[in-house]
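Hi,

I am passing a structure on to you, with some notes on what turned up in it. Have a look at it first, and then read on below.

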Amino acid sequence: MKTLSILLAEDEILIRADMKEALEEAGHIVCAECDNGKKAIEQAKQMQPELAILDIMMPELNGLETAQMMHELNIPVIMVKENSQKTHSTSRKSSCLWLYYQTCFRTKSFSRGADCLCALG
């Protein structure tokens with residue numbers, strides 16, 4: 001598995017920390033992290049990550065708005081949301097895949113995204 005540089009945008013700090021830990025344990029580099037969509041775009045322009053993992057519900061710009069802007073920057077996006085079926089836990093299982101952004105279905109991008117999803121549990 002190739003090491004990826006990843007931008008992680010999640011407004012819940014404990015969930016973000018747990019996701020970062022899982023990604024780093026899987027051998028990826030979290031090159032930037034933030035708590036809202038506006039900061040995610042700013043950091044993406046500076047850091048040029050190979051992948052962005054975005055929470056769907058964030059302040060300033062929500063995940064879908066942020067994903068559209070990431071698309072313009074040619075950055076593949078994985079969207080996650082808190083699993084509302086469970087209690088608010090900080091375990092890796094508290095986040096689940098919501099959408100793998102449509103422009104990322106190229107074979108290499110998809111398999112890299114799948115590797116990251118496996119790391120998140």
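Of the contacts in the protein with a separation of 6 or more, 64% are accounted for by residues 24 or more positions apart; contact here means heavy atoms within 4.5 Å. Before going on, please note that this is a predicted model, where local features need pLDDT of at least 70 and side-chain atom pairs count only at pLDDT 80 or more, while totals for chains, interfaces and linings use all residues. Residues are numbered from 1 along each chain as its sequence is written, and side-chain values use heavy atoms, with hydrogens and water left out.

The overall picture comes next. The protein has four helices and five strands, with helices (H or I, at least four residues) and strands (E, at least two) taken as DSSP runs and numbered from the N terminus. Starting at the N terminus, the order of elements is β-α-β-α-β-α-β-β-α. Of the 121 residues in the protein, 43% are buried. That word stands for under 20% relative accessible area, with exposed meaning over 50% and partly exposed in between (1.4 Å probe, protein chains only).

Now to a pair of helices. Two packed helices are described by the angle between their axes and the distance between the axes. Helix H2 (residues 37-47) packs with helix H3 (residues 63-72) at an angle of about 15°, and their axes are 9 Å apart. The axes are lines fitted to C-alpha atoms, for helices over the stretch in contact, and angles run from 0 to 180 degrees between N-to-C directions. On the H2 side, the contact is made by Gly37, Ala40, Ile41 and Ala44, and on the H3 side by Thr66, Met69 and Met70. Sorted by class, the contact of H2 with H3 has five nonpolar, two polar and no charged residues. In this sorting, Ala, Val, Leu, Ile, Met, Phe, Trp, Tyr, Cys and Pro are nonpolar, Asp, Glu, Lys and Arg are charged, and the others, Gly among them, are polar.

Two asparagines in loops are worth a visit. Asparagine 36 sits in the loop between strand S2 (29-34) and H2. Is asparagine 36 buried or exposed? With a relative accessible area of 5%, asparagine 36 is buried. Its side chain makes a polar contact of 3.2 Å with the side chain of aspartate 35. A polar contact is a pair of N or O atoms within 3.5 Å; within protein, one must be able to donate a hydrogen and the other to accept it, and residues adjacent in sequence count only if both atoms are side-chain atoms. A polar atom of the asparagine 36 side chain also lies 2.8 Å from the backbone nitrogen of lysine 39. Leaving out residues up to four places away in sequence, asparagine 36 touches Met58, Pro59 and Glu60.

Asparagine 62 is in the loop between strand S3 (51-55) and H3, and is partly exposed at 28% relative accessibility. A polar atom of the asparagine 62 side chain lies 2.9 Å from the backbone nitrogen of glutamate 65. From C-alpha to C-alpha, asparagine 62 and asparagine 36 are 7.5 Å apart in space, and they are 26 residues apart in sequence.

Arginine 16, in helix H1 (residues 13-25), is buried at 11% relative accessibility. Its side chain and that of glutamate 33 are joined by a polar contact of 3.1 Å. The backbone oxygen of cysteine 34 lies 3.3 Å from a polar atom of the arginine 16 side chain. Not counting residues up to four places away in sequence, arginine 16 touches several residues, including Leu8, Glu10 and Asp11.

Glutamate 60, in the loop between S3 and H3, has a positive phi of about 70° although it is not a glycine, and is exposed at 59% relative accessibility. Asparagine 74 lies in the loop between H3 and S4. Asparagine 74 has a positive phi of about 60°, again without being a glycine, and is exposed with a relative accessible area of 68%.
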